[in-house]
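Subject: A structure to look at, with notes

Dear colleague,

Please find the structure below, and keep it open while you read the notes that follow.

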Amino acid sequence: MFKKILIANRGEIAIRVARACREMGIASVAVYSEVDRDALHVKACDEAYLLGPAEAAQSYLNVGKILEVIKESGAEAVHPGYGFLAENAPFAKALEDAGITFIGPPASAIDAMGSKTMARELMQKAGVPIVPGTTEAVDTVEDAMKIAKKDIGFPVAVKASGGGGGKGFRVALEEKDLKDAFEGASREGEKFFSDGTVYLERYLLNPRHVEVQILADTHGNVIHLGERDCSIQRRHQKVIEEAPAPEWVVDEETRARIGKIGVEAAKAVDYVGAGTIEGLFSSDTNEYFFLEMNTRVQVEHCVTEMVTGIDIVKEGIRAAFGEELSYKQEDVVLRGHAIECRINAEDASMNFAPAPGKIGNYKEPTGPGVRVDSGVGAGGEVSPTYDPMVSKLIVWDADREQATARMLRALAEYEIEGLKTLIPFHTALLQTEDWAKGSTCKDLMEDKEWLASLAFPKLERVEDDAPEKVTNDYLVEVSGKRFDVKVVGEAPAYSAAPAGGGAAPKKRGERKKSAGAGPDLLESPLQGNMWKVLVKKGDAVEEGQLLCIIEAMKMENEITAHKAGKISELHITEGEPINAGDPIATIASPPAAEEPAAE
Ligand code: MV4
């Protein structure tokens with residue numbers, strides 16, 4: 001087995017991989033950016049090297065620097081986790097050329113699946129069902145109209161060829177929408193993937209997102225670990241995942257059928273390691289269609305681990321080393337039900353705007369059937385530079401209903417001070433009839449009133465009066481290599497009001513319209529670029545009305561009015577950069593409210 005692996009990632013997934021290494025007797029090497037010096041993933045590894053400044057391009061995406069660290073540390077293999085360099089074929093190729101093992105599929109498989117049109121063509125040839133549509137890019141709106149009318153029929157989905165995960169995805173419900181959808185998807189493809197080409201699919205009405213976990217080795221063995229249902233999404237970001245799908249959605253026979261589809265898809269690209277076939281499942285017709293393959297370990301792999309007992313990360317490492325998989329298909333048995341809630345530092349009442357910041361006290365839930373894969377802890381910080389995930393809360397129980405109860409218990413135990421997180425959102429959602437029925441909760445996720453009712457009490461920073469003495473861990477970097485040192489000094493003054501407690505979220509429709517009370521100034525919750533400004537000075541706005549869109553981390557973040565009133569000052573300009581805490585708009589309350597004041 002490998003003696004030393006470099007983990008080219010940060011946060012919870014870097015820790016997840018480090019744990020697998022520790023259990024396998026493999027030394028682990030962390031890499032970190034300047035803002036991650038105290039990050040938990042650094043401590044989870046045996047040694048650690050500084051890559052560079054916070055900006056991912058200069059640190060976690062800095063291939064040249066990572067290659068240097070590989071050499072210096074003597075690592076034989078690299079685990080990319082997810083995000084960053086995980087699906088970067090040139091990186092996998094550069095490692096192959098340098099004689100370093102990339103823990104993942106061959107660069108050719110990443111390439112083949114990276115182009116969504118090429119993937120569709122390959123899958124069609126391999127007999128894998130794809131969503132009806134084109135397997136080649138469509139060049140013009142006119143061509144698109146012909147194909148949509150003749151071969152596909154409306155509604156039609158327009159998707160960017162370089163896309164994936166819903167980026168560059170537009171829907172044309174009828175003919176007159178096609179031009180906008182085509183141009184929108186193309187523009188987004190150009191912006192995010194430097195590829196403006198698009199293709200067409202039939203737009204399926206109310207499908208479920210059902211994906212298949214695959215494991216493959218270099219000896220030709222390919223198995224599946226059953227499906228995950230990730231139908232609860234917010235603007236194409238998964239927020240809750242479960243394994244298996246609700247039993248009334250996917251039965252044993254369907255599971256075997258879509259599992260086989262997943263295995264065939266992986267075989268068609270000579271896959272190695274852990275991967276996922278994403279697909280759309282139409283419950284009405286029992287049809288399953290290939291959407292795309294994610295050629296990496298996914299965020300939600302844990303729910304599959306909980307119901308199969310198989311360590312997906314370890315199997316990926318074994319496969320990369322050239323060992324055979326530890327399991328045959330008939331060894332894979334699903335037991336019970338697992339649910340994962342993504343505990344993001346986001347404000348569900350503000351269109352899921354990232355809410356990065358410093359964590360005060362922090363206590364994770366424990367007890368039977370509970371797993372927390374976290375990337376930060378007490379006193380830690382969710383940086384505005386990276387993905388705002390605090391942790392993944394995963395529970396297992398004998399069936400879906402009991403797993404739901406267990407998740408609600410765990411969410412209630414979870415204490416995260418100083419940050420707005422999705423805990424109130426998950427708590428409310430898992431108690432809805434929609435969730436119990438196993439619906440995709442699409443309407444709920446768009447229900448602004450319901451989301452606004454999940455608002456937090458205002459967070460406060462409280463100064464400590466007498467600083468206590470504490471032992472602090474400091475670090476020294478010698479030639480970019482990290483060493484830990486203990487220093488006794490004063491505790492930091494930061495502390496924060498509880499975020500987890502406060503009023504229980506109101507039920508749907510119970511919320512009263514705000515009469516415009518509270519502070520006037522709305523500040524940017526995140527750093528990014530002002531992409532669109534939809535209001536002007538002097539406009540009267542409703543609470544929750546869309547004001548502007550900030551592009552950050554390749555995501556469009558909708559910023560909505562925090563209260564009703566008149567925009568007395570607008571502090572933003574389209575196209576300009578904006579920092580977290582910068583003013584966006586001053587909203588003056590309307591004169592004396594007609595509605596009675598709340599409470
Ligand atoms: C679709 C679709 C309907 N028809 N494609 C693409 C990325 C993935 N995150 C969701 N995607 C969808 N692709 C066609 N041809 C609907 C979705 C979709 C979705 C699917 C299942 C469950 C929830 C969803 C939420 C938004 C979009």
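A salt bridge is counted here when a side-chain nitrogen of Lys or Arg lies within 4 Å of a carboxyl oxygen of Asp or Glu. Please bear in mind that this is a predicted model, in which local features need pLDDT of at least 70 and side-chain atom pairs count only at pLDDT 80 or more, while totals for chains, interfaces and linings use all residues. Residues are numbered from 1 along each chain as its sequence is written, and side-chain values use heavy atoms, with hydrogens and water left out.

A search of the whole structure finds 43 salt bridges, and one of them joins the side chains of Glu-446 and Arg-234, with 3.9 Å from N to O. Glu-446 belongs to helix 15 (residues 442–446) and Arg-234 to strand 10 (residues 222–234), so that this pair links distant parts of the chain, 212 residues apart; helices (H or I, at least four residues) and strands (E, at least two) are DSSP runs, numbered from the N terminus. Glu-446 is exposed, with a relative accessible area of 55%, whereas Arg-234 is buried at 7%; buried means under 20% relative accessible area, exposed over 50%, and partly exposed in between, with a 1.4 Å probe and protein chains only.

Another salt bridge, at 2.8 Å from N to O, is formed by the side chains of Arg-37 and Glu-477. Arg-37 sits in the loop between strand 2 (27–33) and helix 2 (40–44), and Glu-477 in strand 23 (residues 469–478), 440 residues apart. Arg-37 counts as partly exposed, at 27% relative accessibility, and Glu-477 is also partly exposed, at 26%.

The side chains of Glu-201 and Lys-159 meet in a salt bridge as well, at 2.9 Å from N to O, and both residues are buried. A network of salt bridges links Arg-16, Glu-23, Glu-305, Asp-311, Lys-314, Arg-371 and Asp-373.

Let me turn to helix 4. In this helix (residues 89–98), Ala-89, Phe-91, Ala-92 and Leu-95 are buried. Seen down the helix axis, the buried residues fall within an arc of 165° and therefore line one face of the helix, the arc being that of the directions from the axis to the C-beta atoms. The face turned away from this buried side carries the exposed residues Pro-90 and Asp-97. At the N-terminal end, Asn-88 caps helix 4, with a side-chain oxygen 3.0 Å from the backbone nitrogen of Phe-91, and just after the helix, Gly-99 takes a positive phi of about 75°.

Conventions:
A polar contact is a pair of N or O atoms within 3.5 Å; within protein, one must be able to donate a hydrogen and the other to accept it, and residues adjacent in sequence count only if both atoms are side-chain atoms.
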